[in-house]
Amino acid sequence: MSSSPDPRTTTATGADVRVRFCPSPTGLPHVGMIRTALYNWAYARHTGGKLIFRVEDTDAARDSEESYRQLVDALTWLKIDWDEGVEVGGPHAPYRQSERREIYAGVLEQLIAAGAVYESYSTAEEIDARNEAAGRAKQLGYDNYDRTLTDEQRAAFRADGREPAWRLRVPDHDLTYVDLIRGSVTFPAGSFPDFVVVRAGGQPLYTFTNPVDDALMGITHVIRGEDLMPSTARQLALYSALIDAGVTPFVPRFGHMPLVLGETGTKKLSKRDPQADLFLHRERGFIHEGLLNYLALLGWSIGPDRDVFSLDEFTAAFDIADVNPNPARFDQKKAESINGDHIRMLAPEDFAARIVPYLAAAGVVGEEPTPQESAMIAAAAPLVQERVQVLGEVPGLLGFLFTNDVDYADDALGSLPANAAEVLVASVAALELVPADEFTAAAVQEALSGALIDGLGLKPRVAYGPLRVALSGRRISPPLFESMELLGKSESIRRLGALVEARPAEG
């Protein structure tokens, strides 16, 4: 009995490291999948190795070209680049499983020649019947019956028109490996039976194609989710056979990342949860730096009491061995907070460029902003960059600068004090005295402070609230005086007067 890792396990380090991201193109990309891509990418960049992106698209009933394009779109948006694989090519092409059928058939022939696999004719009903006759639970599954079939028995099955599946001869000793995240793991001998690698008719199964692709592409480190950990035993058994058959010289190292739980922290984050929808995060206004920073924290930390870091800092510090095996909870508020921190780290011109699609989607500006709109965006962006957590908040804050028709929100009108008209009239009188060519934020503040704070004896919150509503239609707006400077003297005064007419003083 063996309780030590296979001595043929790779010792690759540095530039020899080869990791892979190999999703199935089914449905929309979700954050758990992207966390897998991120950790593999970061490990490759940290070690100086390579990331291979291949696609496991052999399930015709579930896979789709649309999902494949969405995967590429997601990685491109997030700036997770890869060294070999789909779209970029490489020495191990093709990188889509649906295009590798002949390769799998060739590897099967090598395993047959090495005696590592055997023909299996047992049906599910026959397996159940034998287990029942032997007093074994049906859940135990296949009983390795076909392993010892004679040539005559196999010939008889073929004569009956049966096609064989191919099963791997599982070693009769313990299988041990050292998980990069969880330490030593042993699968006891007999814990699983000989398993099918190729169905009758020649259809290879995932339990075959995935390790075969890893072997042929020289993958040294398999970094994947905890939910796939039970399949590692079969992969170890198959790898041993692949080595014996001359397909590959080594067994890769495995690391199983912790589960990502939903916000309640009680169950795995479902693909149906809004927090799992990658494109929903993009639609709401996450930037790739902020989202990747947060996803990096779902199982890893750069240091105590530090949550915000650049992607360069992340790849420099990241080691898969430092990943925590305990489940990580997706915290939407923390994700948004970190995203807001990254928004504030952007150069002003970069931030201004990134908000354009959100302003356009909300109808605030055209798909291609006019020169006047572009100038206003550049001038107004700094007013909100320090205030937003996601870019989707920007249209609601800046929209009033791009229209002459102020849409008053009900809660904003409801917040107006009884003396709102008096405040607005006094504000107009004060602003009329400011020359148009000197209508700056500082001059506006000085004029309004003198009229409302000193003149009427109001507190700033009471004094300036009606002005915000008049200018933007909202209770919360970008800095008031800077907003007036952007609108200009004439438009600012017009809007103040318009609200006086809309909300006359109560008598």
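Visitor: Are Y39 and F318 buried or exposed?

Guide: Buried means under 20% relative accessible area, exposed over 50%, and partly exposed in between, with a 1.4 Å probe and protein chains only. Both Y39 and F318 are buried. Please note that this is a predicted model, where local features need pLDDT of at least 70, side-chain atom pairs count only at pLDDT 80 or more, and totals for chains, interfaces and linings use all residues. Residues are numbered from 1 along each chain as its sequence is written, and side-chain values use heavy atoms, with hydrogens and water left out.

Visitor: How many aromatic pairs does a search of the whole structure find?

Guide: Rings of Phe, Tyr and Trp (its six-membered ring) pair if their centres lie within 6.5 Å; planes under 30 degrees apart count as stacked, over 60 as edge-to-face and the rest as tilted. The search finds 15 such pairs. One of them, formed by Y39 and F318, is tilted, with 5.0 Å centre to centre and 45 degrees between the planes. Another, Y464 with F481, is edge-to-face, at 5.3 Å and 90 degrees.

Visitor: Which residues form one aromatic cluster?

Guide: Y39, W300, F309, F314 and F318 form that cluster.

Visitor: Where does the charged end of R130 sit?

Guide: A charge sits over a ring if NZ of Lys or CZ of Arg is within 6 Å of the ring centre and within 35 degrees of the ring normal. The charged end of R130 sits over the ring of Y145, 4.0 Å from its centre. For R234, the ring is that of F195, and the distance to its centre is 5.7 Å.
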